[in-house]
Amino acid sequence: MPRETEISVNERAFIQQALQENLRLDGRAFDAFRPLELTFGDEYGVADVQLGKTRVIARISVDVAVPPPERKFDGIFQIIAEFSPMASPAFEVGRPSDAEMVLSRILEKAIRRSNALDTESLCIIAGLKCFALRADVHIIDHDGGLVDASCIAVMAALQHFRRPDVVVEGEKATILSVREREPIPLSILHQPLCVSFSYFEDGEIFLIDANLSEEQVRNAEIIVTMNKHGEVCQIAKYGGATVDPLALLNCTNVALQKVKEMSKIIQGKLEADAKKRDAGGLMAELSAENER
Amino acid sequence: MGPETILSHLHRADGSATYTYNGYSIIGSVNGPIEVPRRDEHAEEATIEVNVRPAVGVGSPKERHLETLLHNTLRSITLIRSIPRTLVQITLQIRSLPEGEAAVGVNSSLTLLPHLLNTAVLALLSTSVPLATIATSVLVAVSPKAPTPLLSPTATELLRVKPIRSIHVFAFSGERKLLLNESDGAFSVNEWDEACEMAEEVCCKEGGVGLGEGMDVDGQQINMEGWLRDVVRRKVELEQRWRTAD
């Protein structure tokens with residue numbers, strides 16, 4: 001398998017010098033995201049995110065399973081992110097690269113362990129049956145910022161997904177098909193989103209949403225996960241350069257602002273999609289969802 | 001109407017195609033010719049690697065089986081001897097399957113196979129990997145409820161004529177040669193002959209088909225070779241627009 005093509009010395013010097021002069025190769029400001037495009041599929045729970053040239057598709061699917069004995073009242077939720085040679089010929093099938101490990105670990109910490117999804121609501125009969133939800137993350141095109149794009153894709157897909165309704169009589173549970181009962185949305189407790197900062201020049205310059213060539217030049221990376229209420233879900237730092245604690249505090253402030261903007265975009269897209277599906281305005285009557 | 005296609009829309013891959021037809025949506029990408037790992041290297045020909053990635057979950061033996069079938073078919077249409085000691089890496093990501101696909105009750109790897117093969121050929125064309133010929137593929141379903149075999153039926157059409165006695169996948173080269181045949185179910189030699197003939201008409205003949213209904217899709221007749229030629233014509237027009245512009 002060919003290795004990832006390393007950035008040339010000239011290109012590296014060029015990017016570094018441009019940064020010294022407050023310039024980025026694509027003309028963005030240092031704290032600007034690339035244009036975010038979010039589209040939903042015809043089915044529920046498919047989100048296609050394009051962040052500049054990076055493209056990620058997240059797909060949520062549901063199954064019925066037996067809950068693990070130590071967590072009887074919980075459902076199962078898994079996030080699977082596997083790279084394929086489609087994103088880059090350097091990604092080999094069945095041999096996870098470092099980037100892949102980082103991505104699945106961050107998604108795990110950011111979304112699963114921050115309890116973004118209320119797994120208790122996935123329980124059907126305690127200890128016997130529960131919904132097993134899985135989120136498959138497909139990397140289609142890779143131009144840096146995979147963590148940010150994947151996190152947006154998974155969160156948007158989770159909010160877009162509808163699970164089938166279920167009727168429980170004693171120990172017998174019946175899953176109702178889409179035709180019988182309108183499927184119900186998942187209970188999402190909060191919406192964590194990741195913002196990655198790339199450090200250059202030993203922590204003097206930081207960039208948001210670096211593209212692939214900037215990622216190859218940077219000293220270090222900090223990934224901050226926050227929700228729009230300003231709660232920090234996780235902070236991860238990869239790479240060698242030391243970072244000033246005050247700069248880190250500054251990062252969380254910038255991240256909050258970005259997360260708010262992105263949440264707004266996602267919310268807008270979700271509402272537009274709901275309106276498109278709600279032909280004739282019958283959705284409210286069909287809904288079997290209880291008020292929380 | 002033939003399948004909808006978008007060519008060369010991915011930035012990292014050398015060539016790519018998105019194929020959407022009858023509710024199947026597949027993204028295909030090709031990297032190649034690239035460096036080949038030592039263990040797969042052939043002295044006189046290129047190595048072809050096919051990866052099929054399902055929409056949900058990780059690859060299973062079903063995908064491995066599809067990969068083997070695709071590998072053998074694509075190997076026979078690629079001029080592997082003109083690019084020796086290289087690797088052509090084909091990745092096919094299934095994006096969505098039609099609704100009710102699981103309820104049809106037929107071998108789902110066979111219903112998927114023609115779409116995967118068509119996507120792979122499109123992606124190879126987009127990459128400009130040297131090909132000896134093109135390949136087009138179609139699914140034929142035989143049911144006692146339908147008077148004639150169904151040609152590339154949709155999932156709902158299949159549900160309507162349940163139970164399905166047999167399904168066949170045929171792939172033809174540009175020279176009308178049978179490249180691939182996979183059949184499943186109970187059928188006689190005559191039935192197979194009829195199905196093969198129908199598939200050949202759809203895959204190969206330029207300018208429409210003449211047999212029975214079943215071939216009409218939205219009132220228009222499909223012709224896979226005509227469709228593929230149309231896609232290539234548009235690709236060439238797009239690539240040569242600097243020449244034609246005045």
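## A hairpin pair in chain A

In chain A, strands E1 and E2 form a hairpin with five residues between them, and A:Gly45, which lies in the turn, has a positive phi of about 85°. This is a predicted model, and the description that follows should be read with that in mind. Strand E1(A), residues 36-40, pairs with E2(A) in the antiparallel sense over five bridges, and within this pairing A:Leu36 stands opposite A:Leu51 of E2(A).

Strand E2(A) also takes part in a second hairpin, formed with E3(A), in which two residues lie between the strands and A:Gly52 in the turn has a positive phi of about 60°. Six bridges join E2(A) to E3(A), residues 54-65, and these strands run antiparallel; A:Ala47 has A:Ala58 as its bridge partner in E3(A). Strand E2(A), which spans residues 46-51, is mostly covered, with five of its six residues buried.

## The four-stranded sheet of chain A

Chain A also holds an open sheet of four strands in the order E12-E11-E13-E14, with antiparallel pairing. Strands E12 (205-208) and E14 (232-239) of chain A each have a single partner strand and stand at the edges, so one side of each is left without a neighbour in the sheet. Neighbouring strands of this sheet are turned by 20° against each other on average, direction ignored.

Strand E11(A), residues 193-200, is joined to E13(A), residues 220-226, by seven bridges in an antiparallel arrangement, and A:Phe197 stands opposite A:Ile222 in E13(A). Helix H2 of chain A (residues 98-112) packs on the sheet, where it touches E11, E13 and E14 of chain A, and its direction makes about 160° with that of E14(A). Helix H3 of chain A (residues 146-160) packs on the sheet as well, touching E11 and E13 of chain A, with its direction at about 175° to that of E11(A).

## The five-stranded sheet of chain B

In chain B, five strands form an open sheet in the order E1-E2-E3-E5-E4, and here the pairing is mixed. The edge strands are E1 (4-7) and E4 (47-53) of chain B, each of which pairs on one side only. On average, neighbouring strands of this sheet are turned by 15° against each other, direction ignored. Helix H2 of chain B (residues 108-127) packs on the sheet and touches E1, E2, E3 (24-34), E4 and E5 (87-96) of chain B, while its direction makes about 40° with that of E3(B).

Strand E1(B) is joined by four bridges to E2(B), residues 15-21, and the two run antiparallel; B:Thr5 stands opposite B:Tyr19 in E2(B).

## A buried serine in chain B

B:Ser152 is found in the loop between strand E7 (150-151) and helix H3 (155-160) of chain B. Its relative accessible area is 9%, which means that B:Ser152 is buried. Not counting residues up to four places away in sequence, B:Ser152 touches B:Tyr21, B:Asn22, B:Val138, B:Leu139 and B:Ile222.

## The interface between the chains

Contact between the chains involves 27 residues of chain B and 29 residues of chain A. The two chains bury about 2400 Å² between them, 53% of it on carbon and sulfur atoms. On the chain B side, B:Arg12, B:Arg53 and B:Arg95 lose the most area to chain A, together 29% of what that side buries.

Between chain B and chain A there are four salt bridges, and B:Arg39 forms a salt bridge with A:Glu92 in which the closest N and O atoms are 3.3 Å apart. Twelve residue pairs are in polar contact between chain B and chain A, counting pairs with both residues at pLDDT 80 or more. E3, E4 and E5 of chain B each supply at least two residues of the side of chain B that touches chain A.

Notes: Residues numbered from 1 in each chain as written. Chains lettered and ligands numbered in written order. Predicted model: local features only at pLDDT ≥ 70, side-chain atom pairs only at ≥ 80, totals over all residues. Heavy atoms only, no water. Pairing = 2+ DSSP bridges. Axes fitted to C-alpha atoms, helices over the stretch in contact; angles between N-to-C directions. Contact = heavy atoms within 4.5 Å. Buried < 20%, exposed > 50% of the residue type's maximum accessible area, 1.4 Å probe, protein only. Buried area = accessible area lost by both parts, 1.4 Å probe. Salt bridge = Lys/Arg side-chain N within 4 Å of Asp/Glu carboxyl O. Polar contact = N/O pair within 3.5 Å; in protein donor to acceptor, adjacent residues only side chain to side chain.
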